[in-house]
Amino acid sequence: MPARTLKTWIARHLSVRSRLEPICVTYLLFLMVTTQKHSFTQAARFSGLHKSTFCKLLRDHSNVAAYTLDDLSKKQARRLSNGLHDLKGLPWKIAILIDSTIQHRASLHPENAKKFNHGKGYVIGHQWTNIILVINDILIPLPPIPFYSQSYCREHSLDYQSEHDKVVDYLTHLNLEDYIGSYNSRDVIVLADSGYDNKKIENAIINKHWNFITALGKTRSVKSEMLYLTTPKSRQWCPISLFFRNHRRLKWQTVRFMTNGAKPKRMEFRIRHTLGYLRHVGQVQLVCSEFKKRPEGRRKYLACSDIRVTARQIVLGYRLRWAIEIFHKNVKQHLGFEDVATSGFDSVQAHVHWVYCAYILLNLSPPGLSGEVKSLGDKQRQLQRVLENKEKRRVLQKLTQIGGVQRYKDELRQALAGV
């Protein structure tokens, strides 16, 4: 049976105790197939087990989920690192993407739920800061950073930390050698949007001897190379928006890219760039970029710590950051990232870790899936068809056996009684 084959394949990738292995494998397989909602009720119907079994798994064994995700991400990274190639023809081979997402909840009653100002109003839920490793164009989610509210920290005797402080601590203790073995630090690029334009984060990246490309806020202080050498270091800093307004002598350069979607189309940008200094960080390349045909209100300022690359490579490298937005979309639409109804935050954390494990396993091409399928949704649908077709063959085989009709009727009665 393919269900048994799939469960055996999943179990081979896990390092959990034999007592917990069946329920962990079942929950992962349930997350990997397509369903209307990845709830405990649907998991019970899928597996034939009671939904309280899955509730207990998340509540009592959150540490197992965290360890499994850490182990799976390291295994996949080691497998991909055997043949590293450049990222989209860029001078880097390994990318680390940083971005946060909100896990929506219906009310503030669940533990650690909080109101977040999310663009067009307030959103209730949990905030997760995701760290994604990109190797050979494959995304590998690392253990995410949960945001703890001040009230949650008081209740659990934890030291409150801002999101930026947690990112600094995470990057400082992130040992890439555990994931890919020995590597050249110049091959690593960290990509982040303006929400992570923070001197502590940027200095933490530099201290690791990595490079970064980050979007800058309009008020971030910069200075030209000439002023940096001829004026006191505490003076003559100006916001980057004013900096490029004062340096109109810098010529615009047109660059063209092709999108990576199902229907590729050409995008045109115009950019200006120069060497400069980022306050409290050091020398960087500064880039002003905007759409050529829609310049009003769409201007973006970038800083890159890698001095050896061109402005076009900086803009193209920053566009790789969009992959983490696609990751957020996939885990929410296909893997049930937000389909959790528990009140305890430990259970929520366990569910998120299992969702990321399912994402990694689907990218490992489970048995029965065609290697040509790239979309996460298509992989889930194909996996579902494989299970359904084999189940049909199992039923037909049982019906052709002596007394098979009666045995199948008894099996249906037992299943309906369980529901």
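Mentor: Start with a definition: buried means under 20% relative accessible area, exposed means over 50%, and partly exposed is in between, with a 1.4 Å probe and protein chains only. By that rule Asp 165 is partly exposed, at a relative accessible area of 31%.

Trainee: What kind of model is this, and how are residues numbered?

Mentor: This is a predicted model, where local features need pLDDT of at least 70 and side-chain atom pairs count only at pLDDT 80 or more, while totals for chains, interfaces and linings use all residues. Residues are numbered from 1 along each chain as its sequence is written, and side-chain values use heavy atoms, with hydrogens and water left out.

Trainee: How many helices and strands does the protein have?

Mentor: There are 16 helices and 13 strands. Both are DSSP runs numbered from the N terminus: helices are H or I with at least four residues, strands are E with at least two.

Trainee: And what share of the residues is buried?

Mentor: Of the 419 residues in the protein, 50% are buried.

Trainee: Back to Asp 165. What does it form a salt bridge with?

Mentor: Its partner is Lys 200, with the closest N and O atoms 3.9 Å apart. A salt bridge here is a side-chain nitrogen of Lys or Arg within 4 Å of a carboxyl oxygen of Asp or Glu. Asp 165 is in helix H7 and Lys 200 in helix H9, so the pair ties together parts 35 residues apart in sequence. Lys 200 is partly exposed, at 47% relative accessibility.

Trainee: Why would such side chains pair at all?

Mentor: Side chains of opposite charge can pair when their charged atoms come close.

Trainee: How do H7 and H9 sit against each other?

Mentor: The axes of H7 (residues 163–173) and H9 (residues 199–207) come within 9 Å and cross at roughly 5 degrees. Axes are lines fitted to C-alpha atoms, for helices over the stretch in contact, and angles run from 0 to 180 degrees between N-to-C directions. H7 and H9 are therefore roughly parallel. For the wording, under 35 degrees is roughly parallel, over 145 roughly antiparallel, 65 to 115 roughly perpendicular, and the rest oblique.

Trainee: Which residues of H7 and H9 make the contact?

Mentor: From H7 they are His 164, Asp 165, Val 167, Val 168, Leu 171 and Thr 172, and from H9 they are Lys 200, Ile 201, Ala 204 and Ile 205. Contact means heavy atoms within 4.5 Å. By class, this contact has six nonpolar, two polar and two charged residues. Ala, Val, Leu, Ile, Met, Phe, Trp, Tyr, Cys and Pro count as nonpolar, Asp, Glu, Lys and Arg as charged, and the others, Gly among them, as polar.

Trainee: What about H2 and H4, what angle do they pack at?

Mentor: H2 (residues 21–32) and H4 (residues 51–60) pack at about 100 degrees, with their axes 11 Å apart. That makes H2 roughly perpendicular to H4. Ile 23, Cys 24, Thr 26 and Tyr 27 in H2 meet Thr 53, Phe 54, Leu 57 and Leu 58 in H4. The classes in this contact are six nonpolar, two polar and no charged residues.

Trainee: How many salt bridges are there in the whole structure?

Mentor: A search finds 15. One of them joins Asp 70 and Lys 74, with the closest N and O atoms 3.2 Å apart. Asp 70 and Lys 74 are four residues apart in helix H5 (residues 62–80), so about one helical turn separates them. Asp 70 is partly exposed at 22% relative accessibility, and Lys 74 is buried at 18%.

Trainee: Which residues are linked in a network of salt bridges?

Mentor: Asp 99, Asp 193, Arg 321 and Glu 325.

Trainee: New topic. How many aromatic pairs does the count come to?

Mentor: The count is 18. Rings of Phe, Tyr and Trp (its six-membered ring) pair if their centres lie within 6.5 Å; planes under 30 degrees apart are stacked, over 60 edge-to-face, and the rest tilted. The rings of Trp 128 and Phe 345 have centres 5.7 Å apart and planes at 20 degrees, so that pair is stacked. Trp 128 is in strand S3 (residues 122–135) and Phe 345 in helix H14 (residues 345–363), so the pair ties together parts 217 residues apart in sequence.

Trainee: Is Trp 128 buried or exposed?

Mentor: Trp 128 is buried, at 0% relative accessibility.
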